[in-house]
Amino acid sequence: MNLTLGIIKPDAVSKGLTGKIIDRILSEGFQIRAMKLVHLTKKQAEGFYAVHKGKKFFEELTNFMSSAPCIVMVLEKENAVEEWRKLMGATNPAEAAEGTLRKQFGSSIGENAVHGSDSEENASIEISYFFNKLELV
Ligand code: ADP
Ligand code: MG
């Protein structure tokens, strides 16, 4: 599968970085197959991040993700999962490589500007969490 789920997180949307991040996504050769602005409820954020339930950052993460609107997108490219994670950079912006989105736009390990699926299996699950088949162009 050459699709992945990307999210422009609430920190980046609130700072007005949406346009810059989308511009970068397109210039790196991704096609946007679906996109919407959503303000997750706390329950929806908990459902999305269910794999992290029980971790010490789960509360902080789900509070943050439901604190303000974010942009959810389906991105297409060859090896989309891996390529998008490469463009995002390491989870902690302080450790992310030069030129990555998290290095450029992230402010902390929690508020790190973007999300990306970590495997094809999870990409499939995450895409269907937000989009139905008719919404994928
Ligand atoms: P990634 O988003 O790079 O796949 P994880 O799946 O490990 O990283 O974590 C999911 C999200 O949880 C991270 O993007 C970040 O927003 C948040 N997070 C991860 N680790 C921490 C931490 N130690 N403290 C606060 N938030 C964290
Ligand atoms: Mg992850």
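The protein contains 7 helices and 4 strands, where helices (H or I, at least four residues) and strands (E, at least two) are DSSP runs numbered from the N terminus. Along the sequence, these elements follow the pattern β-α-α-β-α-α-β-α-α-β-α. The radius of gyration, taken over C-alpha atoms, is 14 Å, close to the 14 Å that the globule rule gives for 137 residues, so the protein is as compact as a globular protein of that length. The globule rule is 2.2 Å times the number of residues to the power 0.38.

This is a predicted model, in which local features need pLDDT of at least 70, side-chain atom pairs count only at pLDDT 80 or more, and totals for chains, interfaces and linings use all residues. Residues are numbered from 1 along each chain as its sequence is written, and side-chain values use heavy atoms, with hydrogens and water left out.

Overall values are as follows.

| Property | Value |
|---|---|
| Box filled by the C-alpha atoms, along the principal axes | roughly 35 × 35 × 25 Å |
| Buried residues (under 20% relative accessible area, 1.4 Å probe, protein chains only) | 45% of the 137 residues |
| Accessible surface (Shrake-Rupley method, 1.4 Å probe) | about 7300 Å² |

Helix H4 spans residues 58–65, and its residues Phe58, Leu61, Thr62, Phe64 and Met65 are buried. These residues lie on the same side of H4 because they cover an arc of only 160° around the axis, the arc being that of the directions from the helix axis to the C-beta atoms. The buried residues of H4 pack against strand E1 (3–8), helix H1 (10–14) and helix H3 (42–48), a contact meaning heavy atoms within 4.5 Å.

Key. Chains are lettered from A and ligands numbered from 1 in the order in which they are written. Buried means under 20% relative accessible area, exposed over 50%, partly exposed in between (1.4 Å probe, protein chains only).
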